[in-house]
Amino acid sequence: TVSYLGTSNAAKVKQALRVAYRAHRSQMRKSGEPFIIHPVEVALLLSGMQMDAETVMAGLLHDTVEDTDLTFEQVEGMFGLEVRNIV
């Protein structure tokens, strides 16, 4: 859960989840699982350590630039330079 981040930051994380989900929607892992499971698990680990919102968002988005059509510029436009730099 990201409730420790407060309402505004939790909403940003939720938006990052939506973007990651859409970006990875047609991708599957070799195991047959949807690819989005990996970034969600990363974000859960980061939120379990109570990392800041930018770090959790980057955890959700970390494979999007590498594995989808999403660009660093788009990530920055949606989530800011700090998230882009972490991604």
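Modeller: Keep in mind that this is a predicted model. In terms of secondary structure, the protein has six helices and zero strands, and from the N terminus on the order reads α-α-α-α-α-α.

Colleague: Okay, on to single residues. Why is Lys30 called exposed?
Modeller: Exposed takes over 50% relative accessible area. Lys30 comes in at 92%, so it counts as exposed. You'll find Lys30 in the loop between helix H1 (7-24) and helix H2 (37-48). Its C-alpha atom is 26 Å from that of Phe72, which is 42 residues away along the chain.

Colleague: And how do you know whether His24 is buried or exposed?
Modeller: Here the cut-off for buried matters: under 20%. His24 has 2% relative accessibility, so it counts as buried. His24 lies in helix H1.

Colleague: Which residues is His24 in contact with, leaving aside neighbours within four places in sequence?
Modeller: Those are Phe35, Ile36, Pro39, Asp63, Thr64, Asp67 and Thr68.

Colleague: What makes the link between the side chains of His24 and Gln27 a polar contact?
Modeller: A pair of N or O atoms has to be within 3.5 Å, with one able to donate a hydrogen and the other to accept it. The side chains of His24 and Gln27 are joined at 2.4 Å, and that counts as a polar contact.

Colleague: Why is helix H3 called mostly covered?
Modeller: Count the residues: H3 spans residues 53-61, and eight of its nine residues are buried. They are Ala53, Thr55, Val56, Met57, Ala58, Gly59, Leu60 and Leu61.

Colleague: What covers those buried residues of H3?
Modeller: The cover includes H1, H2, helix H4 (64-67), helix H5 (72-79) and helix H6 (81-86). Over the whole protein, 34% of the 87 residues count as buried.

Colleague: One last thing: how many positive and negative side chains does the protein have?
Modeller: There are 8 positive and 11 negative ones, and the centres of the two sets lie 8 Å apart.

Definitions and conventions:
Residues are numbered from 1 along each chain as its sequence is written. This is a predicted model: local features need pLDDT of at least 70, side-chain atom pairs count only at pLDDT 80 or more; totals for chains, interfaces and linings use all residues. Side-chain values use heavy atoms; hydrogens and water are left out. Helices (H or I, at least four residues) and strands (E, at least two) are DSSP runs, numbered from the N terminus. Buried means under 20% relative accessible area, exposed over 50%, partly exposed in between (1.4 Å probe, protein chains only). Lys and Arg count as positive and Asp and Glu as negative; His and the chain ends are not counted. The place of a charge is taken as NZ of Lys, CZ of Arg, CG of Asp or CD of Glu. Contact means heavy atoms within 4.5 Å.
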